[in-house]
Amino acid sequence: MFNSPRFKRQLLEVTERTIVVCDNPNCNYEVPAEASERTLAEKIKDLSFYLNKPCLICGDNLLTEKDFKTYITVQKFVAWLNKYFSWITWFYSDKSWAKRNTICVHTHEGITIDDLSKH
Ligand SMILES: [Zn+2]
């Protein structure tokens, strides 16, 4: 019974298509993530490479220490939520699970959350 996909659901599914994105609004530099499934340790290692490195296009700082720390805090919080609260999703019907929202979370001088389902 516990082999059903229902029991593998996560309260917050995280998809990261990029390792790092330039925060300059006039710049579109980004480094795509090659592996779609990375552990948190791998994500942190990949991201740490860009700490205080200049953007190749505009020269802005790609990742400040503050943003790096915020990223790790958010990731750990999501992992904690998933560990203790994913059981809530067992009670969603397949239909309501399919209609769940997608949000975009951006870490730069705090956290920006954009509800993609309203676009
Ligand atoms: Zn840039």
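Student: In the hairpin of strand 3 and strand 4, which residue takes a positive phi?

Tutor: Before the answer, a word on the source: residues are numbered from 1 along each chain as its sequence is written. This is a predicted model, in which local features need pLDDT of at least 70 and side-chain atom pairs count only at pLDDT 80 or more, while totals for chains, interfaces and linings use all residues.

The residue you ask about is E109, whose positive phi is near 50°, in a hairpin that has 3 residues between the strands. Strands here are DSSP runs of E with at least two residues, and helices are runs of H or I with at least four, both numbered from the N terminus. Strand 3 covers residues 103-107 and strand 4 covers residues 111-115, and the two pair in the antiparallel sense over 5 bridges, where pairing requires that DSSP finds at least two bridges between two strands.

The C-alpha trace of the protein chain spans about 50 × 30 × 25 Å along its principal axes. Of its 119 residues, 7% count as buried, meaning that 20 or more other C-beta atoms, placed from the backbone, lie within 10 Å of the residue's own.

Key
Buried ≥ 20, exposed ≤ 12 C-beta atoms within 10 Å, placed from the backbone.
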